[in-house]
Amino acid sequence: GKMSYELKHVFASLPQMERGVAKVLGGDPKGNNFLYTNGKSVIIRNIDNPAIADIYTEHAHQVTVAKYAPSGFYIASGDVSGKIRIWDTTQKEHLLKYEYQPFGGRIKDIAWTEDSKRIAVVGEGREKFGAVFLWDTGSSVGEIAGHFKVINSVDIKQTRPYRLITGSDDSCGAFFEGPPFKFKFTLPDHSGFVNCVRFSPDGTRFATASADYQIVIYDGKTGEKVSTLGGEKAHDGGVYAISWSPDSSRLISASGDKTVKLWDVGAGTAVTTFNMGADVADQQLGCLWQKDYFLSVSLSGFINYLDKNNPDRPIRVIKGHSKSIQSLTVHKNEGRTYIYSGSHDGHINILSYSLTFPVHYWDAETGDNDDFLGKGHSNQVSKMVVDDTNQLVTCSMDDTLRYTDLNKKEYSASDLVKMDFQPKSVSVAPGGLTLAVCIGQVVLLKDKKKVFTLEGLDYEPAAGAIHPGGSTAAVGGADGKVHLYSIQGNTLKKDSTTMEAKGPVTDMAYSNDGAYLAVTDEKKVVTVFSVADGYSVKNDFYGHHAKIMTVAWSPDNEHFASSGMDNMVYVWTVSDADTRIKLPDTHRLHHVSGLAWIDEHTLVTTSLDATVKQWTVKF
């Protein structure tokens, strides 16, 4: 029986959004996938079933835009340093074909010629705002001139004769002929930043969208102005993005006025207005028309599948995290498993699926991937656990502990416990017990109320765990020791026993049956103590190359997982330190910040890359 692991499922992050900045979505010429970026990752999602995702993580800097070649075989992605990577889409490994540095600075948009042989790139380069070159040699095939500020958008006519258009913060568009591409004239029709320029698929028209609330239509071959959409203004706010219909007769536009509009271009009128909400987070910063789908992206990062028959209610909204994830727990309820993840910005997300159809259930049938209702934590959620009464207990850098009823999935103000100091770790046991380890304090809570506080300790408490029997609390210190306390009524009494870890303690957990206590430390070791043998050392586990961050026991009580700053996850066997599974690079460039087990063969990891991944582990 060889030990093995495989990636079972990826719950991808949302697009990384910035207020007032357009988000470019890349469409797939074959119509199956769409592309967006978050951090250093390019996310490829299946448009019919967005639970199917693939993530490209080879950029060293934050990626801003990714576009398929018209052939469908390659993707070009650009980052904030001005690097363009062109990589294979057909193989799982996404081999790098070419890498170029057309200028130094943020790349904002990319366009290919229809033969997939030439690429135009624009942005805020230090020496120039754009470049156009051959995909296989990088040699220049023209000059992108005519602007004196950052270029936001570029497109190339997909029929011959080629034309190229750009839009800039200097309030102008520009029109080029080629190849080699040469500046012909300025398009002076806008009075605000030009955010997006796009040719119709048949090349007969192009449209420019601006912060001045207008969308202007031009002749694709001559560059002459033809009309404006909606007369004086297309929207009641800046227009960030436009995307044409496959038949070139209509387009959709996304605006800061929190609407998306569907236009009949010939008539110049809006056929449908999609109202996306009233909150700032509902501003629409990106859109994509692909096959029969209309997609838009809100400032919140949510991806909306719009329904032209029901414009105020999207068919589906993809939610999740767009900020790094700090904490994770898993909970079973009525035969279903729910994954709760908490992020850097205080946001808690729920993923649920029945174990038989993990993907389908989560996605297609119910889209059950949602956020709690009501007002939640205002800062990073550091740790989370579920107690025996179906309460999710979370602790946050906003100096609070919060109890959320998972049957209601709703925050309530009465279940918020204010702490004197920032809580770092939280642990629960049957009978309503909670142990919160704070900076300089250890607090015992019963039924959501503080009942006992230890302070003035001669060590700095770093992590804690309550024995499943509810009679003992273990607290790990920065002094490299584990201090035991017996829980007597509503008090904590110091025990004479202390155990030695190999370095300052970072995390700890009892096995579910209470037989073992696993302790991780900054000196890269996991020490497991045997509870029945007076907490004698059962085994030491060496393998991590950097500080260990978190530990989680398998339901089988024989195995446990640990993750470290070395970006490694190990699954260990209690009785034999050499029988282990190493999962390298689970989240590529990021260490794993949360670990949880769904069952003895399924481990869930999450990370600062804002993705949640599910792994099948076999012994």
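This is a predicted model: local features need pLDDT of at least 70, side-chain atom pairs count only at pLDDT 80 or more; totals for chains, interfaces and linings use all residues.

The protein is divided into domain 1, residues 17-318, and domain 2, residues 325-618. Taken over C-alpha atoms, the centres of domain 1 and domain 2 are separated by 43 Å.

I turn now to one sheet. In general, the strands of a sheet pair through backbone hydrogen bonds, either parallel or antiparallel. Here, four strands in the order E21-E22-E23-E24 make up an open sheet with antiparallel pairing. Which strands lie at its edges? They are strand E21 (239-244) and strand E24 (269-275), each of which pairs on one side only. On average, and with direction ignored, neighbouring strands of this sheet are turned by 20° against each other. Between strand E23 (residues 259-264) and E24, the antiparallel pairing runs over six bridges. There, aspartate 264 stands opposite threonine 269 in E24. Phi of lysine 258 is near 70°, a positive value in a residue other than glycine.

Next come the aromatic rings. The structure holds 21 aromatic pairs. One of them is formed by phenylalanine 175 and phenylalanine 185, and it is stacked, with 4.9 Å from centre to centre and 20° between the planes. This pair links distant parts of the chain, 10 residues apart: phenylalanine 175 is in strand E15 (residues 173-177) and phenylalanine 185 in strand E16 (residues 182-187).

A second pair has another geometry. The ring centres of phenylalanine 541 and phenylalanine 560 are 5.0 Å apart and the planes stand at 90°, so this pair is edge-to-face. Because phenylalanine 541 lies in strand E48 (residues 536-542) and phenylalanine 560 in strand E50 (residues 559-564), the pair ties together parts that are 19 residues apart in sequence. Phenylalanine 541 and phenylalanine 560 are both buried.

There is also an aromatic cluster, made up of Tyr74, Tyr98, Tyr100, Trp112, Phe133 and Trp135. Arginine 316 lies over the face of tyrosine 305, 5.3 Å from the ring centre. The charged end of lysine 494 sits over the ring of tyrosine 485, at 5.3 Å from its centre.

I continue with the backbone. Most residues other than glycine have a negative phi, and most peptide bonds are trans. Another joins proline 179 and proline 180, with omega about -10°. Proline 179 has its place in the loop between E15 and E16, and proline 180 is found in that loop as well. A positive phi, near 60°, is found at asparagine 557, in the loop between strand E49 (548-553) and E50. With a relative accessible area of 13%, asparagine 557 is buried.

Finally, the salt bridges. Side chains of opposite charge can pair when their charged atoms come close. A search of the whole structure finds 17 salt bridges. Among them, glutamate 114 and arginine 160 meet at 3.9 Å, N to O. Glutamate 114 is in the loop between strand E10 (107-112) and strand E11 (118-123), and arginine 160 is in the loop between strand E13 (151-156) and strand E14 (163-168), 46 residues apart. Glutamate 114 counts as partly exposed at 29% relative accessibility, and arginine 160 counts as exposed at 56%. Glu114 and Arg160 also belong to a network of salt bridges with Asp115 and Arg118.

Another salt bridge joins lysine 424 and glutamate 460, at 3.6 Å from N to O. Lysine 424 lies in strand E37 (residues 423-429) and glutamate 460 in the loop between strand E40 (449-454) and strand E41 (461-466), so this pair ties together parts that are 36 residues apart in sequence. Lysine 424 is partly exposed at 27% relative accessibility, and glutamate 460 is partly exposed at 33%.

Thank you for your attention.

Key. Residues are numbered from 1 along each chain as its sequence is written. Side-chain values use heavy atoms; hydrogens and water are left out. Rings of Phe, Tyr and Trp (its six-membered ring) pair if their centres lie within 6.5 Å; planes under 30 degrees apart count as stacked, over 60 as edge-to-face and the rest as tilted. Helices (H or I, at least four residues) and strands (E, at least two) are DSSP runs, numbered from the N terminus. Buried means under 20% relative accessible area, exposed over 50%, partly exposed in between (1.4 Å probe, protein chains only). A charge sits over a ring if NZ of Lys or CZ of Arg is within 6 Å of the ring centre and within 35 degrees of the ring normal. Two strands pair if DSSP finds at least two bridges between them. Axes are lines fitted to C-alpha atoms, for helices over the stretch in contact, and angles run from 0 to 180 degrees between N-to-C directions. Domain bounds come from an automatic or database domain assignment. A salt bridge is a side-chain nitrogen of Lys or Arg within 4 Å of a carboxyl oxygen of Asp or Glu.
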